[in-house]
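These are my notebook entries on the structure shown below.

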Amino acid sequence: MASLANSLPKLKIFVVAIITALALIALLVPGSVLPAGSRSLFYLWESGHLFLFFLGSYLFYICFPRIQTYSFRRQSLILLSTTLFFVVLIETLQNYIADKPLAFTDIIGDFAGSLLFMATHSRLSGQRKRLLSMTSFLLAAFVLWPVCRALTDELLARYQFPCLADFETPFEHSRFEGKTGQGRQTSEQAFSGRHSLRLSLWPGFWSGMTLKYFPADWRAYNQLHFAVYNPERHPVSLHFSIHDKWHEQGGQPYSDRFRQVFLLPTGWTRIQIPLVEILAGPQTRSLDLSRVNGLSFFVIKEQQPVTLYLDSIRLE
């Protein structure tokens, strides 16, 4: 029994060290290997800094138990100094191994993990550090919020399908991505319900956004519908394309997707596209309706910013 009791601390250190090492390895995996359609998994990977530094702080305490005999102020100074050292080390490793540039949110996650451990440890030790607890909780919430938001919207997208987006819930605009435009939920215009997506497209050769996060299997449906509102007094040419998984894995030529141009008059325009036309969109093959990956809305060679409103994107 005595030998078992003596081995328990070593076993705890070993187990925590293994879990911490696994968390570190996960952070050093390039984000490009993660499934492209899962925002929640990507943000969980991003928030791994929080878990790594919480576990690392715990490992530090059980490896060096003497630190617990110091005053709380001295403990905090030692742990935060150690955290700073490992922040620099791990951010450098991520840059070189995972090809991930330094991000301010990662540093927040690193310190949030250490502070959360300190708050937990002080509470379990019978010390109530309210400011520390509140600060660590707020920082942890900041780090984990993107995970919760993405997971909530992923579950909602599955529930809404075959509606791809109707913008009646606060997170649906995050299904769109683009570096040359911006999308936000608005009540300024609505084709159905009370809200739509306000697309702000910037001047340039190509400006647009892509709807990327939705159930990918469209084989059970016949048509794609969506509505676009043009607030301008003159017609606007909206370019639209759809691509599948194989397009993203190939060379991504423009001809390897469904594409169409719509001349939008002032006001609402309801657009219907038979899926048989989308199927025949790529020039040299059939588009895979079981692996649809993105719907792009964009304008070309606009000299001024363009504003459009999207609503009621659905399959029937």
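This is a predicted model: local features need pLDDT of at least 70, side-chain atom pairs count only at pLDDT 80 or more; totals for chains, interfaces and linings use all residues.

**Entry: a cis peptide bond.** I looked up the bond from phenylalanine 161 to proline 162 and found it to be cis, with omega near 20°. I then located proline 162, which sits in the loop between α6 (130-160) and β1 (163-165).

**Entry: positive phi outside glycine.** I examined two residues here. For lysine 301, phi is near 55°, a positive value in a residue other than glycine. Lysine 301 belongs to strand β10 (residues 292-302). Is lysine 301 buried or exposed? Its relative accessibility is 56%, so I record it as exposed, the cut-off being over 50%.

For serine 312, phi is near 50°, again a positive value in a residue other than glycine. This serine 312 is part of strand β11. With a relative accessibility of 10%, serine 312 counts as buried, because buried means under 20%.

**Entry: nonpolar cores.** I asked which residues touch the most other members of the largest nonpolar core. That core has 37 residues, and the ones in question are Trp218, Leu224, Phe226, Leu295 and Ile313. Strand β11 (residues 306-315) supplies the largest share of this core, five residues. Apart from it I found another core, of nine residues, including Phe60, Tyr61, Phe117 and Ala119.

**Entry: helices α3 and α5.** I looked up how helix α3 (residues 48-63) and helix α5 (residues 104-124) pack: the angle is about 45° and the axes are 7 Å apart.

I then listed the contact. On the α3 side it involves His49, Leu50, Phe53, Phe54, Ser57, Tyr58 and Tyr61. These meet Asp106, Gly109, Asp110, Ala112, Gly113, Ser114, Leu116, Phe117, Thr120 and His121 in α5. By type, the residues of the contact of α3 with α5 are eight nonpolar, seven polar and two charged.

**Entry: glutamate 91.** Glutamate 91 is in helix α4 (residues 72-97). Its relative accessible area is 7%, so glutamate 91 is buried. Leaving aside residues up to four places away in sequence, glutamate 91 touches His49, Leu102, Ala103, Asp106, Ile107 and Asp110.

**Entry: lysine 129.** I placed lysine 129 in the loop between α5 and α6. At 29% relative accessibility, lysine 129 is partly exposed. Not counting residues up to four places away in sequence, it touches Phe72 and Ser122. From lysine 129 to methionine 209 I note 80 residues in sequence and 46 Å in space, C-alpha to C-alpha.

**Entry: alanine 26.** Alanine 26 lies in helix α1 (residues 2-28). Its relative accessibility is 38%, so alanine 26 counts as partly exposed. Alanine 26 and aspartate 217 are separated by 191 residues in sequence and by 30 Å in space, C-alpha to C-alpha.

Note on methods: Residues are numbered from 1 along each chain as its sequence is written. Side-chain values use heavy atoms; hydrogens and water are left out. A nonpolar core is a set of buried Ala, Val, Leu, Ile, Met, Phe, Trp, Tyr and Cys residues joined through side-chain atoms within 4.5 Å. Buried means under 20% relative accessible area, exposed over 50%, partly exposed in between (1.4 Å probe, protein chains only). Helices (H or I, at least four residues) and strands (E, at least two) are DSSP runs, numbered from the N terminus. Axes are lines fitted to C-alpha atoms, for helices over the stretch in contact, and angles run from 0 to 180 degrees between N-to-C directions. Contact means heavy atoms within 4.5 Å. Ala, Val, Leu, Ile, Met, Phe, Trp, Tyr, Cys and Pro count as nonpolar, Asp, Glu, Lys and Arg as charged, and the others, Gly among them, as polar.
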